[in-house]
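Please look over the sequence and the model shown here before reading the notes on helix packing, sheet order and ligand surroundings.

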Amino acid sequence: MEDNCTSLVAEAREMLGQVSDRAGLENAKAVFFSANGKVRSLFKLLSAASSEEKPVLGQKINQCKIAIESLFAEKLRDIESREICQNLGEKVDPSIDVPTSGGVHPLSQIQETMVEIFHKLGFTVALGTEIETGWFCYDALNMPDSHPARDSHDSFFLSPGLQIENISQHSSEGYILRSHTSTVQVRTMLAEQPPLRILSPGRTFRRDTPDATHSPIFHQCEGLVVDKNISVADLKAVLDFFFKELFGNRCETRFRPSFFPFTEPSFEVDFRAPHLGKLGNSWIEVAGCGTVDPNVFISVGYDPEQWSGYAFGFGIERIAMLMYGIDDIRLFYQNDTRFLRQFA
Ligand code: DAH
């Protein structure tokens, strides 16, 4: 009996393989599901079975029927898709699960919000390039070749010998994908004269193995202010305002002494939001910042005696994960509409 069932499913699969339109499907249906059809005749076998055999046999035949029905349903979907394509006269895949209207990606939403907040404080957006040279990414930011800070900034190197217009090479080392948006500090200072007040969101790259908190491609937002008599107090006030706008007035920020080659002194920014459930329990590190190191000013030809400034940088994914309670960074890049639809 088991064999009968298996071979009937195989037979249905084979017959449906030859079917390409509704007429063919109706013919096949008659062969299997009409009063004298093959599925019916399986059920007829039941009456000949003993009363102990009947329940097991009945279950087998039912499973067989369900399997054949689902093959027919699949074929019908196939035919319908093909008809839609023919009617539209172009290649489309109607089976793709597309929401009725698109939505802005959560990372882009957060990015837009960040830009709006800093806009209130007079910042304008400056963009750099994703392909960079080591000079912009490291040297000009006070991270010379042998500097240990370069280790954590290991990135992807492009083929040696490549020449890209508009990205001048300061050495023969070739191009890399930028490991942070701090490169835009350098690009902007070279192109413009102070005072400056810029924000630079964008894509960044590091040689990291993907896991719940790491991705080789991620996003950062950089800020830079250059003016006369700039102090750490200005920096603290601006970041405090930013986090309060983003997470609400009851959130707090604190500066913790740290080290970055391009700022002196440097700080990590921690934040705490007692009104946001889990986020309230402890200080969470969210950004790096400091006042611009005089060596950076020297790299771009600014006089460090005349100008002062501050800079900060944070990961956009990190902020989005805290804001929405997302626990795996990879969700941002998988294009799973079930995830994305929650933000549309
Ligand atoms: N560029 C740093 C990084 O990717 C982040 C950062 C720290 C940026 C301190 C800054 C800063 O502008 O002042 O780790």
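The report below takes up a pair of helices, then the sheet, and then the ligand.

## Helix pair

In this predicted model, the axes of helix α2 (residues 22–33) and helix α4 (residues 53–88) come within 11 Å and cross at roughly 170°. Because angles over 145 degrees count as roughly antiparallel, α2 is described as roughly antiparallel to α4.

On the α2 side the contact is made by R22, L25, A28, K29, F32 and F33, and on the α4 side by K65, I68, E69, F72, K75, L76, I79, E80 and E83. By class, the residues of this contact between α2 and α4 divide into eight nonpolar and seven charged, with no polar ones.

## Sheet

Seven strands form an open sheet of mixed pairing, and their order is β1-β4-β5-β9-β8-β7-β6. The edge strands, each of which pairs on one side only, are β1 (124–125) and β6 (252–260).

Within the sheet, strands β4 (residues 196–205) and β5 (residues 217–227) run antiparallel and are joined by ten bridges; I198 has L224 of β5 as its bridge partner. Helix α5 (residues 106–120) lies across β1, β4, β5 and β9 (308–315), and its direction is at about 165° to β4.

## Ligand surroundings

The ligand is surrounded by 16 residues, of which the closest are H180, S182, R206, Q220 and E222. Oxygen atoms of the ligand also lie 3.4 Å from a polar side-chain atom of Q185, 3.2 Å from a backbone N or O atom of A311, and 3.3 Å from a polar backbone atom of F312.

Methods:
Residues are numbered from 1 along each chain as its sequence is written. This is a predicted model: local features need pLDDT of at least 70, side-chain atom pairs count only at pLDDT 80 or more; totals for chains, interfaces and linings use all residues. Side-chain values use heavy atoms; hydrogens and water are left out. Axes are lines fitted to C-alpha atoms, for helices over the stretch in contact, and angles run from 0 to 180 degrees between N-to-C directions. Helices (H or I, at least four residues) and strands (E, at least two) are DSSP runs, numbered from the N terminus. Angles under 35 degrees count as roughly parallel, over 145 as roughly antiparallel, 65 to 115 as roughly perpendicular and the rest as oblique. Contact means heavy atoms within 4.5 Å. Ala, Val, Leu, Ile, Met, Phe, Trp, Tyr, Cys and Pro count as nonpolar, Asp, Glu, Lys and Arg as charged, and the others, Gly among them, as polar. Two strands pair if DSSP finds at least two bridges between them. A residue is near a molecule or strand if one of its heavy atoms lies within 4 Å of it. A polar contact is a pair of N or O atoms within 3.5 Å; within protein, one must be able to donate a hydrogen and the other to accept it, and residues adjacent in sequence count only if both atoms are side-chain atoms.
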